[in-house]
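Hi,

Here's the structure I promised to send over. Have a look at it first, then read on.

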Amino acid sequence: SLPVAVEVPDADAMRALGERLAGVLRAGDLIIASGDLGAGKTTLTQGIGAGLGVVGPVISPTFVLSRVHPAQGDGPALVHVDAYRLGSFAELEDIDLEESLDTAVTLVEWGAGVAEGLAPGRLEIDIRRGIDPEDETRWVFLTPIGPRWSRTALAEAA
Ligand code: ADP
Ligand code: MG
């Protein structure tokens, strides 16, 4: 379906977008984030973490592959995965996310082509930047797959 496109002028705005998106997330949700190195996937995830009220800083899980951030209240934890070094769904399964999937919001950076099998539905987030390296503007494309989010609900949240 047609993605919801959001223009994001700087890193603070990216975190703010993540915070707003957290409002339409609940336990069991899967987000697959794509975009080049430095696009802003981790920055967006920091905002989602803030919106979910997770404890502690959300930093890139590049070397640990996956990190669980429990929520301060009774909301869902954030499971933050970096699939950059993973070549297949089988390798992703090896890091044993199954238990957390139902009770957390799971966000997989570099998850396209790897993480789709983790849940029946998902929110695909693709972050793009323009050709001018001085321009901090990012475009964020939100594509809901499956019935979990309507395009309208996402557009309102964003
Ligand atoms: P990724 O996880 O996609 O590799 P990061 O979020 O780690 O990217 O890094 C994005 C970098 O770009 C950060 O240093 C951030 O401050 C900077 N930045 C500049 N403009 C933006 C923007 N509009 N959105 C997100 N990050 C931005
Ligand atoms: Mg990252």
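Below is what I found in it, from the overall picture down to the ligand.

Some ground rules first. This is a predicted model, so to speak of local features we need a pLDDT of at least 70, and side-chain atom pairs count only at pLDDT 80 or more, while totals for chains, interfaces and linings use all residues. Residues are numbered from 1 along each chain as its sequence is written, and chains are lettered from A and ligands numbered from 1 in the order in which they are written.

How confident is the predictor? The protein chain averages a pLDDT of 93, and 99% of its residues score at least 70 (pLDDT is the predictor's confidence in each residue, from 0 to 100). For the complex, the ipTM is 0.99 and the pTM is 0.95.

Now the overall build. The protein chain has five helices and seven strands; these are DSSP runs numbered from the N terminus, with helices being H or I of at least four residues and strands E of at least two. Starting at the N terminus, the order is β-α-β-α-β-β-α-α-β-β-β-α. The radius of gyration of the protein chain is 14 Å, close to the 15 Å that the globule rule gives for 158 residues, so the chain is as compact as a globular protein of that length. (That radius is taken over C-alpha atoms, and the rule is 2.2 Å times the number of residues to the power 0.38.) The C-alpha atoms fill a box of roughly 40 × 35 × 30 Å along the principal axes.

Next, the sheet. The seven strands form an open sheet in the order β1-β7-β6-β2-β5-β4-β3, with mixed pairing; two strands count as paired if DSSP finds at least two bridges between them. At the edges sit β1 (4-8) and β3 (66-69), each pairing on one side only. From one strand to the next, the twist averages 20 degrees (axes are lines fitted to C-alpha atoms, for helices over the stretch in contact, and angles run from 0 to 180 degrees between N-to-C directions).

Which strands run antiparallel? β1 and β7 do, joined by five bridges, with V4 opposite L142 in β7. β6 and β7 do too, over eight bridges, and there E124 faces T143. By contrast, β2 (30-34) and β6 (122-129) are parallel, with four bridges, and I32 has E124 as its bridge partner in β6.

Then the helices. α2 (41-52) lies across β2, β3, β4, β5 and β6, at about 170 degrees to β5.

Finally, ligand 1. It has 17 residues around it, and M14, G40, K41, T42 and T43 come nearest (near means a C-beta atom, placed from the backbone, within 6 Å). Both α1 and α2 give two or more residues to this shell, and α2 gives the most, with three.

Cheers!

Conventions:
Contact = placed C-beta atoms within 7 Å.
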